[in-house]
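Reader: I would like to go through this model feature by feature. Please give the general idea where there is one, then the case at hand.

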Amino acid sequence: MVSIIGVTGKNSEPFRYIESLYAYDKNRLAVYHKFAEQMQLNYYVNGDLVGTIKEGNLKIFTNNETNDYKIKLDTIIPHRDGEFALVSFSFIGKKDSRFKFRRIYKYALNATEPESLLKELQYPSEILFSVSANKEFLIWETENKGESVKLQVHDKEGNHINNKKLQFPAPRLNWRETYIDENDNLYSVKTSSGYLELYSWN
């Protein structure tokens, strides 16, 4: 046991619900969790809270676009160094309640306004997946009724520069989570005959 970290740092109140946990070297940790019925990202160094992005503080929910769209927070994914996080929002039409587009913004920790808009996605099957150490980011796009995935590689300015293909042999239900580690290696977990198998993708 090195330390016990709660919402505001060492030995503080416990987390109620954790969506995602990111552990990095140099005693850095990021937790995407629910607090007071809203989602937020906390970033810690040596157990001390050094920055947050709170759903309730983001001014996007009060701008003029809310006249036409219901804006829904999808996820917040940090860069490993804590320099920034990517925040994904879905825009739903108020008149027809249909998905219109998804936007990915770059936010600094503790900011309420984004630094920049990096990408606008037109299909609900395109989902923000991860942020690489070199500041590129991946978009997860489900294909072939879930039998395969195209990972769209985007540079730090949001330009689509490459694709990676993940093919999941049938039955698809045996394939569970896909992960990326801090060195940007991709892994998937598969169930087989009552066991868990870990696959590494090139």
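Predicted model: local features only at pLDDT ≥ 70, side-chain atom pairs only at ≥ 80, totals over all residues.

Reader: Which residues does Ile18 touch beyond its sequence neighbours?

Author: Not counting residues up to four places away in sequence, Ile18 touches Val31, Tyr32 and His33. A C-alpha separation can be read alongside such contacts. Ile18 and Phe35 are 17 residues apart along the chain, and their C-alpha atoms are separated by 9.4 Å.

Reader: How many helices and strands does the protein chain have?

Author: The protein chain has 0 helices and 17 strands. Its radius of gyration is 18 Å, close to the 17 Å that the globule rule gives for 202 residues, so the chain is as compact as a globular protein of that length. The C-alpha trace spans about 50 × 45 × 30 Å along its principal axes.

Reader: What share of the residues counts as buried, and what share of the contacts joins residues at least 24 apart?

Author: Of the 202 residues, 42% count as buried. For contacts between residues at least 6 apart in sequence, the share that joins residues at least 24 apart is 32%.

Reader: How should I read the nonpolar core?

Author: In soluble globular proteins, nonpolar side chains tend to be buried together. Here the largest nonpolar core has 31 residues, and the members that touch the most other members are Ile60, Ile76, Leu86, Phe89 and Tyr107. Strand 8, residues 85-93, gives the most to this core, with 5 residues. There is also a second, separate core of 10 residues, which includes Phe129, Trp140, Leu151 and Trp175.

Reader: Which residues is Ile76 in contact with, leaving aside its neighbours within four places in sequence?

Author: Ile76 is in contact with Tyr22, Tyr32, Leu41, Ile53, Ala85, Leu86 and Val87. One of these partners, Leu86, is listed with Ile76 among the core members that touch the most others.

Reader: Where is Thr52 found, and is Thr52 buried or exposed?

Author: Thr52 is found in strand 6, residues 48-54. Thr52 is buried, because its relative accessible area is 13% and the cut-off is 20%. Leaving aside neighbours within four places in sequence, Thr52 is in contact with Gln40, Leu41, Asn42, Leu109 and Asn110.

Reader: How are pockets to be read?

Author: Rolling a probe the size of a water molecule over the atoms shows where empty space is left. In this model, the largest pocket holds about 880 Å³ of space. Its lining consists of 30 residues, and those nearest its centre are Ser20, Tyr22, Phe129, Thr178 and Ile180. Strand 3 (17-24), strand 7 (69-78), strand 11 (126-131) and strand 15 (175-180) are the elements that give two or more residues to this lining. Strand 3 has the largest share, 6 residues.

Reader: What classes of residue line the largest pocket?

Author: The lining has 16 nonpolar, 5 polar and 9 charged residues.

Reader: What lines the second largest pocket?

Author: The lining is made up of Val2, Ser3, Ile5, Lys10, Asn27, Arg28, Leu29, Tyr44, Asn46 and Gly47. By class, these divide into 4 nonpolar, 4 polar and 2 charged. The space in this second largest pocket is about 190 Å³.

Reader: What is the corresponding reading for Asn11?

Author: Asn11 is not a glycine either, and its phi is positive, at about 55 degrees. Asn11 lies in the loop between strand 2 (9-10) and strand 3. Asn11 counts as exposed, because its relative accessibility is 64%.

Reader: Which peptide bond is cis?

Author: The bond from Ala170 to Pro171 is cis, with omega near 0 degrees. Pro171 lies in the loop between strand 14 (160-167) and strand 15.

Notes: Residues numbered from 1 in each chain as written. Heavy atoms only, no water. Core = buried A, V, L, I, M, F, W, Y, C linked by side-chain atoms within 4.5 Å. Buried < 20%, exposed > 50% of the residue type's maximum accessible area, 1.4 Å probe, protein only. Helix = DSSP H or I, 4+ residues; strand = E, 2+ residues; numbered from the N terminus. Contact = heavy atoms within 4.5 Å. 1 Å grid on protein atoms, 1.4 Å probe; cavity = no way out; pocket = protein on both sides within 12 Å on 5 of 7 lines; lining within 4 Å. Points joined across faces, edges and corners; volume = space filled by probe spheres on them. Nonpolar A, V, L, I, M, F, W, Y, C, P; charged D, E, K, R; others polar. Rg over C-alpha atoms; globule rule 2.2 N^0.38 Å.
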